[in-house]
Amino acid sequence: MRAEPAERVKDIWGARTPHAPGEAWPTRVDQQLADGIAEGDVDTWVRSACVLCSNGCGCDIAVKDGRMVGIRGRADDAINRGRLGPKGLYASWQGVQNDERLTTPLVRRDGELVAVSWEEAMELVVERSSRLLREKGPLSHAFYTSGQLFLEEYYALAVIGKAGIGTPHMDGNTRLCTATAAASLKESFGADGQPGCYEDIDECDALFLFGHNAAATQTVLWARVLDRLDGAQPPAVVVVDPRETPVAARADVHLAVRPGTNLALMHSLVRELFVNGWVDEEWMTAHTLGAEELRAQVAEWTAERAAEVCGVDADDIRRAARIFGTSQRVVSTVLQGFYQSAQATASSCQVNNLHLLRGMIGRPGCGILQMNGQPTAQNNRECGADGDLPGFRNWENPDHIRRLAELWGVHADVIPHWAESTHAMQLFRYVELGTIGFLWISATNPAVSLPQLPRIRDILAKPETFVVVQDLYLTETAALADVVLPAAAWGEKTGTFTNATRTVHLAEKAIDPPGQARSDLDIFLDYARRMDFRRDDGRPLLEWTTPEDAYRAWQECSRGRPCDYTGISYDDLRRESGIRWPRREGESASTDRLYADAVFATQPDYCETFGHDLATGGAVTAESFKAQRPDGKALLKTTAYTGPHEPPDAEYPLTFTTGRSVYHFHTRTKTGRTPELVAAAPSVWVETDAATAAARGLYEGDVVEVRSRRGRIVAPLRITRIREGAVFAPFHYGYWDAPEGAEERHPTAANELTITEWDPVSKQPVYKVAAVQLSRIEDAS
């Protein structure tokens, strides 16, 4: 069937196509064309995939007269079977074809950004970079990137930073959205990589969503769930979320926990499996380590104790545990409600533990989906443009470092491996201290997305720091830069990207970028050439000229590693709409599920990490790891519950938490420029519950101030079914489209309030818990 998209802003998830367990998800093709364009007017359709969430929906771009004029879902793609969400339909080409696009480089002169040539801009970048390297060395340089570039671009940046410069100061905004997904997978299984796939939703008997509002964050994935719920033999649904989201509204059990108490709940669920005999003892003994330590750690967490700490009903905890313990096929998804909260990695590891205790992994309908927030976050982790080494290599394994040095033609000592790479929050602290003097930011907007924004704005504005920003528009961050480089957008360049389920798509270039804008890959290669980065044999460090050159180099880097791409070529991706890694040279099938053989990536010579103490983040030594004799077994890990970093108190009695609107992506760089989505969610709002509002004499529509120890926001109030004592605001709304000075007069960015704290293992910032006050500014109009 073909869906009519005209009402898809209101009808967010589209028409239902119900199906029973074991049946293939039916096709439904969504399409949107520009006004006045009919299908017959389209000159050509160009293969791509949607980059407006981590779902990674296959799509085609409509082109007419050298312009993008539409988009449609690909019916043959297993990820979406033709569907697209509102952001894909209304903010794909529409979000990048705008008169406000950056079309020429800018440099700061006498305090103002002025247009210059590429030659002038790059000469300035290279002069400052070269001088700092001579005077202060590699530690003067930092790169902060995105979850929205292509694989080829991340890999180029990783080689430049780690082999050309030799700096450990590399991270991405993937630290904000997906670091805990990676950390929990490494701690439990020895390496990153999603064990399950979306097809598991088509097979499962029960679905658990831990801190994952899929209805807003992955609309097409939620449409898939709705089609199961409205079909025969629907799965039971359990949701952990302090808000009553559309996901929670469909739940059989909704555990509306106090923000920051996730680990207490998870310990109770794990305990229930042990005490009720819902553990596959034979499988657990054969394929895991740490069961007795886990059993001892959770012993005190009865349903009653967890209920008291979490503010939920003990019987609901037992009901949820019974569903998990007695269902034959369970799928669990996890996202920011766990990742951006207290004890993030420990809590997320408990989801893995639940599946491992029941042997529910590697089989249809038994998927673990430690989700991503951004479309290409997985590639950043794979390629090492963040805090990881390329190919899921272990920075403590000398053989892994030696192999990278051979690939890149440099001495192993050039590659920073004396300690883990600098995570984003520490990176910006080094800028604040003046240790880092050269900061290159690509495709991200930390002036809105990082915690404690007043501090971040001050850091970015430091005159001593040379800031390069590479983006599509003059974002809040770009407005503070010394050099701004105009980048090509989706549809204007070629490259690959991998979604949350290891599925690789090829996005072909459909049109030329506007003005002088260049692809991120071309910008990085130009910088490497101008800096004259070379291998030890005198050849250029990066000899690539095309995206496919970079991709082939990446394939070789991935060879033999968990994320092996050697059997996935550009030609393969042109024939098949989405291929899952690992697919090794000579293989012809996607790997839908990892660990089907129950052999995990914990062999000491193969694993990505030797692990960490989940309480302190302290690294496990190679000797200690080997002494456990993991040898392909999964690790059942946890730590003691400690609670939120900043609990409410007498002065700040409420708990603030952030989240997303279904209509916007990150800081609205693209979605805020599309009329349909702006009309649906034009400005920030604040939510609280009826009791909290009544206690303060507040009414629906009142303009309220939310104040923390760090800042404030002002917004109209919505009274919703969020748990009592909680206050929510979406984080998308910065200041690029607001009157000058709005940050002070009428602040709208949720991260004015959030705290500079992070998980000890994943180093992911804590956005979900901050103590706040709530008061009226103006009566409802």
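Cys50 counts as buried, because its relative accessibility is 9%, under the 20% cut-off. The model is a predicted one. Cys177 is also buried, because its relative accessibility is 3% and the cut-off is 20%.

A disulfide is a covalent bond between the sulfur atoms of two cysteines. This structure holds zero disulfides. Cys50 is in none; its nearest cysteine sulfur belongs to Cys59 and is 6.0 Å away.

Cys177 is in no disulfide either. For Cys177, the nearest cysteine sulfur is that of Cys53, 12 Å away.

## Space inside

Rolling a probe the size of a water molecule over the atoms shows where empty space is left. A search of the whole structure turns up two cavities of 30 Å³ or more. The second largest cavity holds about 100 Å³ of space.

## The cavity lining

Which residues lie nearest the centre of the second largest cavity? They are Cys50, Cys53, Gly85, Gly88 and Thr219, from a lining of 13 residues. Cys50, buried at 9% relative accessibility, is thus part of this lining.

Two helices, H1 (86–91) and H7 (219–229), each supply at least two lining residues. H1 gives the most, with three. By type, the lining of this cavity has eight nonpolar residues, four polar ones and one charged.

Technical notes: Residues are numbered from 1 along each chain as its sequence is written. This is a predicted model: local features need pLDDT of at least 70, side-chain atom pairs count only at pLDDT 80 or more; totals for chains, interfaces and linings use all residues. Side-chain values use heavy atoms; hydrogens and water are left out. On a 1 Å grid over the protein atoms alone, a cavity is a set of points where a 1.4 Å probe fits but cannot get out, and a pocket is an open set with protein on both sides within 12 Å along at least five of seven lines; lining residues have an atom within 4 Å of a point. Grid points are joined across faces, edges and corners, and a volume is the space filled by probe spheres set on the points. Helices (H or I, at least four residues) and strands (E, at least two) are DSSP runs, numbered from the N terminus. Ala, Val, Leu, Ile, Met, Phe, Trp, Tyr, Cys and Pro count as nonpolar, Asp, Glu, Lys and Arg as charged, and the others, Gly among them, as polar. A disulfide is a pair of cysteine sulfur atoms within 2.5 Å. Buried means under 20% relative accessible area, exposed over 50%, partly exposed in between (1.4 Å probe, protein chains only).
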